[in-house]
Amino acid sequence: MIIKRSIFYTALSVLLAGGIVTAFPTEPVKAFSNQVIQQGAVGDDVIELQARLQYLGFYNGNIDGVFGWGTYWALRNFQYEFGMEIDGLAGQSTKQKLVNATQYDEGFVKEQIRQGRDFSYYGGVPKEQQVKKQPQKQSQKQQENQQKAEGPSNTAVNVPNGFSQNDIQLMANAVYGEARGEPYVGQVAVAAVILNRVNSSTFPNTVAGVIFEPRAFTAVADGQIWLTPNETAKRAVMDAVNGWDPSGEAIYYFNPDTATSGWIWSRPQIKKIGKHIFAK
Amino acid sequence: MKRWILITLLVIGVVGTGVWGYKEHQDKNAVLIQAENSYQRAFHDLTYHTDLLHDKIGNVLAMNTQKRLSPELAQIWRLTSEAQADVGQLPLTLLPFNKTEEFLHDIGDFSYKTAIRDLNKKPLSDKEVKMLEKLYKQSGTIKDELRKVQHTVLEENLRWMDVQLALATNDSQGDNTIIDGFKTVEKSVAGFGEENNSSNIIGIADENHEFKGLDGEKITEQQAREIAKEIFNIKGDQKLNITKSGKGADVQTYMASYQQGDKNGYADLSEVGGHPLTVMVERPVQEAKISLHEGALKANEYLKSFEFPDHELIQSSQYEKEGVYSFVATQNGVRIYPDAIQMKIALDNGDMLGMSAKDYFMNHQKREIKEPAISEEEARSSVNPEVKIQEQHMAIIENDLAEEVLTYEFLGTLGNNTYRIFINAEDGTEEKVERLKATEIKFSRAV
């Protein structure tokens, strides 16, 4: 009798569970990867995080795929409102809460981003109303670029404080023109010299000012600065901007085989990297 | 008949070449004149600005009321920066002219610091007035020398293009009037430098070059090799180059570098104590497999293995397949911003790609942290009420006068922007306000 009853209960619970499962189909099959998302991250998980936070009205910025300060505060407020530990990290439990509380239409969001449209993703508002209609003004080339772009669909990037991608590009041009044959560290050192000059009292105070100072860099004088820099030069510049300075705070460097000025030899020398001697 | 056709063609050819050549010549001249003109403008501006600077310093000396003083000092500050910009546009890089530039910078520095000071509370001291008198005299000398050069340039129609040529070819420097004139200016300033050093205003070092955080015994080249091998995690007979830094370095280092396939490693180790100041590893990074967060944990492990004391992660950024992390040291929970360390982690396998601990070893020392004199509530009231404060810490920062001060650090939002605000924990002054901007829209979609 007892056994029978327990079988009955089991059967009942299985039935009930099944009923629940069929009544509430499981949430989006694909939600967040396993990573803990932290400030500064980029990529699809961040797009999803921003979209879900916006769905609940915590996040009011653009859904751009970069975990910046706006996303950080939105996440903390979410954690606060939902009575969780406030750490600004999107870990398993936070992500689970978000998934339970929101719906994420990945196709829609990605489509808007791909089209470069201005859109938002608030819950309870029909999606169609959240896309700004814009005249088809985009140039052919831009569209081609966008179709070509694969991989992460973030529309923004991290930049070191105080620098624009364009400053970095300009520096990469100078580094490539000046030191493309040098080892990687030598390229970082050349970029560091440009930054040291910006900070020095005896040189102009902007990146452009330093680079285009007459007679400062041979690559500027002979036009090699306008060659297209490669990825290595760009990464070297990023490292220098992020604080690496293998030159030892140098503000001059020269190639001893080709240096025409005798004066440069009188500068106190710090070290030699590749073909360049770095000096104070 | 044939001959005539040939002759006509030849004539057309010759005339055509002539016309083309003349046009080219004209174009080239136009470009040269334009370059020359911009040099001339910079030079004449420079003389004008130094002249004006001299006048303004004179005005300050004659002034009695403190009220007018600050605007006048602000003017001086602006003029020095204009003059500096003029110098930057002249082709003088190969000519030693840095003493003059430093002189301009020092006047600017002095006038800025006094202009922002509340002169009603803290008027110019006698020492500072003496300093101004000296600066007045010296700027007068510079002005006179520059005016002399200017006069010769105008009278003899000298061209800056010739200066550029003379400097580039490094000959006939002896007989170029402009170069000589600038050398004279430079020499007279170099003379002031020695005179002024005692007064501690000229020659204020903006950058401290002393490395306070280095301790330990001097290491040998062999020891440097061992340390480098450990850092790069390489074993046995892998070739590793060690070189020593030159005499001009602020701190003597051993530079270790190695190459293995498409992987390059580089490290700067201080001679004193063998501490790693800079580490860089360059290799192709594969598809990212770990998250920025896991990378941060790895970075933390590496820092522990280097035996850095307590530290805190203050910023992390993902650049494609690499994670860059900024740490600052902490002491009893107070963030010490000058003691900063940067780490770079490859997000394919979590290996370290770089570390920069130069700032840390330059500034680190045992600090006595005083109790704050004002409460957090009081500090909060010094923050703009429009800013919504979200987070707060205690922090030590270096202020505009290059002094370390204890502050309350507030992170707050105003509209869509996030600000970091430092309030002095002694007297509640707003030491620093910065807008935190770490992202930018991607201009090109093709990565």
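**Chain B as a whole**

I began with burial and noted that 36% of the 447 residues of chain B count as buried. The model is a predicted one, and I read every value below with that in mind. For secondary structure I found 10 helices and 13 strands in chain B. I then looked up the overall dimensions: the radius of gyration of chain B is 30 Å, whereas a compact globule of 447 residues would have one near 22 Å. Along the principal axes, the C-alpha atoms of chain B fill a box of roughly 90 × 80 × 55 Å. Turning to contacts in chain B between residues at least 6 apart in sequence, I noted that 59% join residues at least 24 apart.

**Where chain B meets chain A**

Next I asked how many residues each chain brings to the contact. Chain B gives 60 residues and chain A gives 61 residues. On the side of chain B that touches chain A, strand β5 (residues 311–319) of chain B gives the most, with 5 residues. When I sorted that side of chain B by class, I had 21 nonpolar, 27 polar and 12 charged residues.

I also followed a strand pairing that joins the two chains: strand β1 (residues 156–158) of chain A and strand β13 (residues 439–441) of chain B pair in the antiparallel sense over 3 bridges. Within this pairing I looked up A156(A), and its bridge partner in β13(B) is I441(B).

**A sheet and a helix in chain A**

I then went to an open sheet of 3 strands in chain A, which has the order β2-β4-β3 and antiparallel pairing. Which strands stand at the edges? They are β2 (252–254) and β3 (269–273) of chain A, and each has a single partner strand, so one side of each is left without a neighbour in the sheet. Ignoring direction, I noted that neighbouring strands of this sheet are turned by 25 degrees against each other on average.

Helix α8 (residues 184–199) of chain A has 16 residues and reaches 23 Å from its first C-alpha to its last, close to the 22 Å expected at 1.5 Å a residue. Is α8(A) mostly covered or mostly uncovered? I found α8(A) mostly covered, with 14 of its 16 residues buried.

Note on methods. Residues are numbered from 1 along each chain as its sequence is written. Chains are lettered from A and ligands numbered from 1 in the order in which they are written. This is a predicted model: local features need pLDDT of at least 70, side-chain atom pairs count only at pLDDT 80 or more; totals for chains, interfaces and linings use all residues. Helices (H or I, at least four residues) and strands (E, at least two) are DSSP runs, numbered from the N terminus. The radius of gyration is taken over C-alpha atoms; the globule rule is 2.2 Å times the number of residues to the power 0.38. A residue is buried if 20 or more other C-beta atoms lie within 10 Å of its own, exposed if 12 or fewer, and partly exposed in between; C-beta atoms are placed from the backbone. Two residues are in contact if their C-beta atoms, placed from the backbone, lie within 7 Å. Ala, Val, Leu, Ile, Met, Phe, Trp, Tyr, Cys and Pro count as nonpolar, Asp, Glu, Lys and Arg as charged, and the others, Gly among them, as polar. Two strands pair if DSSP finds at least two bridges between them. The expected span of a helix is 1.5 Å times one less than its number of residues. Axes are lines fitted to C-alpha atoms, for helices over the stretch in contact, and angles run from 0 to 180 degrees between N-to-C directions.
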